[in-house]
Amino acid sequence: GGRDHFAVFTPYFRRWQATGLRAVMPAPKAVRVPALDSDPLPKRADVTGVSPGLTDGGEAVGRERLAAWLRAGIESYEDRHDDLAGDATSRLSPFLHFGCLSAVELVHRAGRKGGPGAEAFVRQLVWRDFHHQVLAARPDSAWSDYRGRADHWRDDSADIAAWRAGRTGYPLVDAAMRQLAHEGWMHNRGRLLVASFLTKTLYVDWRVGARHFLDLLVDGDLANNQLNWQWAAGTGTDTRPNRVLNPLTQAKRFDRDGAYVRRWLGADAEGTEPVVDLGEGRDRFLRGRGQQP
Ligand SMILES: Cc1cc2nc3c(=O)[nH]c(=O)nc-3n(C[C@H](O)[C@H](O)[C@H](O)COP(=O)(O)OP(=O)(O)OC[C@H]3O[C@@H](n4cnc5c(N)ncnc54)[C@H](O)[C@@H]3O)c2cc1C
């Protein structure tokens, strides 16, 4: 389309599928590193601000997780990836982020497995590539709108604090935010919802949310985080930039029996008073985007 990159996922995906995939590189026999004097690495317990429920990292753990995923998991991915309580996604993102596992290897191995689950999984890996090629072509999109919409974001510190703490009073939003605080990771369906809630319902600048995610996510990654935030805020590559996810409808669809909310909210799952005012932000969002509230 005359651009230096793909701005829409589907044509990118088609080109990606038509492009050959290189073989997996063998591990090098030895890696030469310069001799450095270093302080000892801190232990996890010595580092403050780490999520208490963070899982272990490293290649060995990543490979075990990958093997388990290919054995039992990937097959039902297409049907179950949006089931919040089912937690039926691969959880390989931290290992991909830190380079413990290679995305090329994942594509080869999923391809050998075959079937709709594997195809859907590979498609998600292509989203990862897609965002990287957008950021490579437009490095400014890390912190500036990819497609500006002349938004006048609300700067409401009480709403922002409630969102960060998982205390908005909207159970699914709060459950997802508490999963993030505890695990340093959040289910994709939760990420989509809390990002839509912050940017379109509360009409708070996506950069506020992206910053908070980068502070806490163990897979926090400039390309995937910022460009997914922009997608959710409608300033990015979403071809329907004004769609708003409703937390109640999302709960009915993706947490039908409330198991995810109960897992993360405990006693608060019975319901707390909403502390954020939905009306003001949503109306301003709609007016800002040239629509009738
Ligand atoms: C607001 C927001 C912020 C996000 N921030 C990040 C981030 O910082 N780092 C990150 O890796 N992902 C991010 N994602 C994408 C996605 O939520 C995570 O990759 C996914 O939840 C990780 O879980 P998983 O490994 O079980 O994913 P699976 O569903 O098993 O998918 C397999 C892999 O595909 C890739 N992938 C899946 N969905 C996406 C996507 N939408 N965009 C790009 N890659 C994807 C990831 O590498 C993932 O590990 C974000 C999404 C949203 C909506």
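Start with four helices: H4 (93-97), H6 (116-137), H9 (188-201) and H11 (222-233). Each supplies at least two residues of the shell around the ligand. Keep in mind that this is a predicted model.

Next, colour H6 on its own. H6 gives the most to the shell, with six residues.

Now select everything around the ligand. The shell holds 28 residues. The closest are Tyr 77, Thr 89, Ser 90, Arg 91 and Asn 188. Colour the shell by residue class: 13 are nonpolar, 10 polar and five charged.

Switch to colouring by domain. Domain 1 covers 9-17 + 54-142, and domain 2 covers 157-288. The shell draws at least three residues from each of these domains.

Which pocket holds the ligand? The ligand sits in the largest pocket.

Move to Asn 228, where a polar side-chain atom lies 3.0 Å from a ligand nitrogen. For Arg 128, display the backbone instead. A polar backbone atom of Arg 128 is 3.5 Å from a nitrogen atom of the ligand.

How much of the ligand does the protein bury? Taken alone, the ligand exposes 810 Å², and the protein buries 97% of that.

Methods
Residues are numbered from 1 along each chain as its sequence is written. This is a predicted model: local features need pLDDT of at least 70, side-chain atom pairs count only at pLDDT 80 or more; totals for chains, interfaces and linings use all residues. Side-chain values use heavy atoms; hydrogens and water are left out. A residue is near a molecule or strand if one of its heavy atoms lies within 4 Å of it. A polar contact is a pair of N or O atoms within 3.5 Å; within protein, one must be able to donate a hydrogen and the other to accept it, and residues adjacent in sequence count only if both atoms are side-chain atoms. Accessible areas come from the Shrake-Rupley method with a 1.4 Å probe; for residues, only the protein chains shown count as cover. On a 1 Å grid over the protein atoms alone, a cavity is a set of points where a 1.4 Å probe fits but cannot get out, and a pocket is an open set with protein on both sides within 12 Å along at least five of seven lines; lining residues have an atom within 4 Å of a point. A molecule sits in a cavity or pocket if more than half of its atoms lie within 2 Å of its grid points. Ala, Val, Leu, Ile, Met, Phe, Trp, Tyr, Cys and Pro count as nonpolar, Asp, Glu, Lys and Arg as charged, and the others, Gly among them, as polar. Domain bounds come from an automatic or database domain assignment.
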